[in-house]
Amino acid sequence: MKNAAPEADESLWLLAAAPAIWAAHFLLCYVAAAVWCAKFAGPAGPLAPARRAILALTVLALAGIAVIGRGGWRRCRLPPPPLSREFDTDEDRHRFLGFATFLLSVLSAVATVYAAGAAAFMRDCR
Amino acid sequence: MGLSSRTSPRVPAPIACAAWLSGCAGPQSALDPAGRGAERLAELFWWMAGGAAVVWLAVAALAVYAVRGGARRAGGGAQRALIVWGGAVVPTLVLGALLAYGLSILPGLLASAPPGALRISVTGEQWWWRVRYESPGEAVELANEIRLPAGEPVEFTLRSADVLHSFWIPSLGGKMDMFPGRETRLLLEPTRPGRLRGVCAEYCGESHALMAFDVVVLEKPEFARWLAAQRRPAAVPAGGAAARGGELFGANGCAACHTVRGTGADGVVGPDLTHAGGRLSIAAGTLPPGRAGFGRWLAKTHEVKPGALMPHFGMLPPEDLTALAAYLEALR
């Protein structure tokens, strides 16, 4: 039987996208705070502009992760094929990758919120 | 010998637990706090331990439930709910709450000292501590010993002269790294008098483990008297072996590296020895105080502290070593 699944050559890029956004958010938050404190505010200066930048980065990161997670969720909600026992068809892979993308998106969202948590409590550069 | 005679006597669990927990006490324990910062950190530790216990018990209970087939009997929906709530939602909420609690205490730990607070600068050097009381009043330098007033916030300015070190008095608060070419700050507030111990908490070379210091928390009047005494020049011994040791101290070049205020010795390479005889230990917490300790340090310097920059003086006749040790012991 001809396999009509459009995802026959599906790649893994989407799977890695949400953790990549988390990693970029983590890096950018630390760089933003470090540059602000080292070059502008001084060792005990206010952190407010860096906190605003971290808030904006966090909103952007969570929005990106949500879009990716939604895509993953849609792919894993496809109806399972009848009589599939081994789950080794292209469609099964499609569903599995969608589910893994969704789970990694949830994990990345939690990690992003945890990383941004420090900015919620720290008010200056000390 | 029968098996029964080999078994250890049964100790009631509460007594065993109390004996085990007594290991958490002592002069160098973050779980036996004697300062504001250490109190917050000890609370954080116990909350973290409690949170970890809750997560562990929940996971263990779920494992038992799964092995006994409870989830299978409950059906697919219950299985999924168990995985989602027990495996993801609850641990995320517990860890999030602990993270928020930990972060919430950070600003207090990193606050600046109020104006007029005692300020002490400490420089980490391989493998000892240069301690300088900057205020109040005229600055005074000593080594490997810090005395603090109870109930007063103290701001430490921390530096390194060579490699990375880390300044840590576990009973008083958190640790702070010391970097060459950069200053870091640490606020500590002792809450009760007592004798404590500080250490270097960052590996800094072969004698890293021998880089400790004594910390004494005193009532305020007693601290003021002690600081005033430290500002005075050394009491130079007038006669006997100690006086001869003073002459040897100059003749053997010790003054090139060490300061003894009130004498001609004004070297700044090594520790200030003005009141070395009154300190609670020798060689950064490595040897007990007293003449024997000084004698051992002078003769076996590199056995006591491998890699120390100070040359050993084991080539001197024993009577000279004894005189030098007597001189150092008399510097109070």
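I started with the largest pocket, which holds about 1,400 Å³ of space. My pocket rule: on a 1 Å grid over the protein atoms alone, an open set of points where a 1.4 Å probe fits, with protein on both sides within 12 Å along at least five of seven lines. Volume is the space filled by probe spheres set on the points, which are joined across faces, edges and corners.

The model is predicted: local features need pLDDT of at least 70, side-chain atom pairs count only at pLDDT 80 or more, and totals for chains, interfaces and linings use all residues. Residues are numbered from 1 along each chain as written, chains are lettered from A and ligands numbered from 1 in written order, and side-chain values use heavy atoms, without hydrogens and water.

Next, the lining (residues with an atom within 4 Å of a point). I found 45 residues, and Pro43(A), Met122(A), Cys125(A), Arg126(A) and Leu110(B) are the closest to the centre. H1(A) gives the most, six residues; helices are DSSP runs of H or I, at least four residues, numbered from the N terminus. By type, I noted 28 nonpolar, seven polar and 10 charged residues. Nonpolar means Ala, Val, Leu, Ile, Met, Phe, Trp, Tyr, Cys and Pro; charged means Asp, Glu, Lys and Arg; the others, Gly among them, are polar.

Then I checked the chain contact (heavy atoms within 4.5 Å). Chain A puts in seven residues and chain B 12. Between them about 810 Å² is buried, 75% of it from carbon and sulfur atoms. Buried area is the accessible area (1.4 Å probe) lost on putting two parts together, summed over both. Tyr114(A), Phe121(A) and Arg126(A) supply 72% of what chain A buries against chain B.

Conventions:
Helices (H or I, at least four residues) and strands (E, at least two) are DSSP runs, numbered from the N terminus.
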